[in-house]
Each structure stands twice: as structure tokens, then as C-alpha cells.
Amino acid sequence: MSAVHTVLFKSQALFLRLTFALICIAALGAVLATALSAAGVWPWLTLQAGLDGTYYPQAGMVAQITLTALVLMLAFFLPANGRMLALENSHRKFTVQMEDVARAYHTAHAGDRKGLFTARSEFDAVKERLAFMRNHPDLGELEPEVLELAAQMSQVSQDLASTYSDANVERARTFLKQRQEELDAFQARLEDAKMVMHELRQWTRDVEIEESLAKSHLGRLREELFELLPELSAQLQSPPDGTDPETGSVVAMKPPRRAD
């Protein structure tokens, strides 16, 4: 049944638009023909009409002018009639759209978060929100039922709006912004510490490598010295009896002790 009603409603709307277009075309043609007839370019409508045996030769011209005026009046009347029919159909077939309710509620809730509503009682609070939405430029086309429903929803969520008011939200954002700045500063210091730690670790590794090389060179020099000591000992023992020519004591050559 609803499908048939929808088809009939659309057919009626299409027929009304077609009728309006035809009347506009007819009005334009009638005005043009009457203007050309008045200017002598086009002949007037010829019509034999009379009353009580008396014939009127100007009956065609009068009928043409009358018909043109009638068509013009219809052309000016139909748009207003169409607007009235559209308004009547919108009121008769009105259904609450959730998108409209959500849009009106969002506007009222935003005003509540800004602290625009100060009424305490439930009736005054709903009335105050309803007046605010009626005067709002973006909600003027909505139906009163939608605005009333949105006002009631906004009054119910008044505690939520006071908790998450713009001032509280701004304070929370400022606090989080400060925490973020502190975290960024800590991250920067942590990166600097990581760079210093990496530099110290690399420096320690380089020092250990140089120390290992130095120990390796020291061990090689020590081995070379041990190989050289017997030759020096043989050269120092020039007397055959092994005594020092100056002091007469025996020179004892001992290899140096290995360094730990």
C-alpha cells in the first residue's frame, strides 16, 4: 500500500510540474500573440458573437485579451499553489529524521558546553534550549517536533555537557600539551645521553685496542731483549776468568723479570 501511495504521489508531482510548464508556455504564446495583434503585425482572433440579434465585430479581440489575462493569472497563481501543496504534504507526511535530530542536538549540546543555558528547572531548561534552536540560523527549516526532541535530549545530557564543558576540555588540552612538551624535552635529553654513551663506548673500545697493541709491542720488545741479552753478556765477560777488570768481581747477568 505504501509503495502504491508513493507512486501516486510522485505521479501527481510530475503531473503538476508538467501542467505548470504547459500553462507557462501557453501564457507566453498568448501574450506574444496579443502584443503582435495590438501592433498590427498579427491579426486579431475572429469570432462571430452576438446577443439578441446584434453581432459584435470586436468579440474576437475581447475574447483573445480575456484569454491572455486568464492564462497569465494562472501562470502567476500556480507557483504559490505549488508551495502551499508542498507545505501541506510536508506537514501531512512528516516523519522525524534522525539526521535532523542529531544536528539540532549537536547545536544545543555545543551551546550547553559553552555555558549559554542557565535555567535550573527542567521546564525552563527545555524552553531555553528550544528558543535558542529556533533562533539559530542553521536550524530554521526544521520542524518544531525535531527541535523539541533535541531540546529534551540536550536537557537530559546537561550533566555530561557540564563535565565536558569547553573550559574543562581546554584545561585538559593545556595540561596534555604541557605533558607532551615535557615528554619531548625528556626524549631530547635521552637522545643526547644515548649519543654520549655511544661516544664513550666507542672511545673505550679504541683505548682498549690501543692498549692491546701497546702490550703486544711491549711483549715483542721483551722477546727481542731476551734474545739480545746472551750476546751482551758474552761481550761483557771479556776476562777469561769471568772477573770484572775494574773491581775483580764476577758479573752475573739475569734476564729481567716479565712484567705482569
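The accessible surface of this chain comes to about 20,500 Å², and 63% of that area belongs to carbon and sulfur atoms. Accessible areas here come from the Shrake-Rupley method with a 1.4 Å probe, and for residues only the protein chains shown count as cover. You are looking at a predicted model, in which local features need pLDDT of at least 70, side-chain atom pairs count only at pLDDT 80 or more, and totals for chains, interfaces and linings use all residues. Residues are numbered from 1 along each chain as its sequence is written, and side-chain values use heavy atoms, with hydrogens and water left out.

## The overall layout

The chain has seven helices and two strands, arranged along the sequence as α-β-β-α-α-α-α-α-α. Helices (H or I, at least four residues) and strands (E, at least two) are DSSP runs, numbered from the N terminus. Of the 260 residues in the chain, 17% are buried. Buried means under 20% relative accessible area, exposed means over 50%, and partly exposed lies in between (1.4 Å probe, protein chains only).

Contacts tell us about the fold too. A contact means heavy atoms within 4.5 Å. Among contacts between residues at least 6 apart in sequence, 61% join residues at least 24 apart.

Let us visit helix α3, residues 98-113. Its 16 residues should span 22 Å at 1.5 Å a residue, and its end C-alpha atoms are 22 Å apart, so the two values agree. The expected span is 1.5 Å times one less than the number of residues. After α3 comes G115, whose phi is positive, near 80°.

Which residues of α3 are buried? They are V101, A104, T107, A108, H109, G111 and D112. V101, A104 and A108 are also among the twelve residues of the largest nonpolar core, which includes V126, L130, M133 and L142 as well. The elements that give two or more residues to this core are α3, α4 (122-134) and α5 (144-156), and α5 supplies the largest share, four residues. A nonpolar core is a set of buried Ala, Val, Leu, Ile, Met, Phe, Trp, Tyr and Cys residues joined through side-chain atoms within 4.5 Å.

## Individual residues

The table gathers relative accessibility for a few residues.

| Residue | Relative accessibility | Class |
|---|---|---|
| Q64 | 11% | buried |
| T107 | 14% | buried |
| E211 | 42% | partly exposed |
| K215 | 56% | exposed |
| V41 | 60% | exposed |

Leaving aside neighbours within four places in sequence, T107 touches F132, H136 and L139.

## At the surface

V41 sits in the loop between α1 (2-38) and β1 (49-51). Together with L32, L36 and W42, V41 forms a nonpolar patch on the surface with about 410 Å² of accessible area. Patches are made of residues with over 30% relative accessible area and no salt bridge: like charges are joined within 9 Å, nonpolar side chains (Val, Leu, Ile, Met, Phe, Trp, Tyr) within 5 Å.

Side chains of opposite charge can pair when their charged atoms come close. How many salt bridges does the whole structure hold? A search finds one. In it, K215 pairs with E211, the closest N and O atoms being 3.9 Å apart. A salt bridge is a side-chain nitrogen of Lys or Arg within 4 Å of a carboxyl oxygen of Asp or Glu. Both K215 and E211 lie in helix α7 (residues 166-236), four residues apart, about one turn of the helix.
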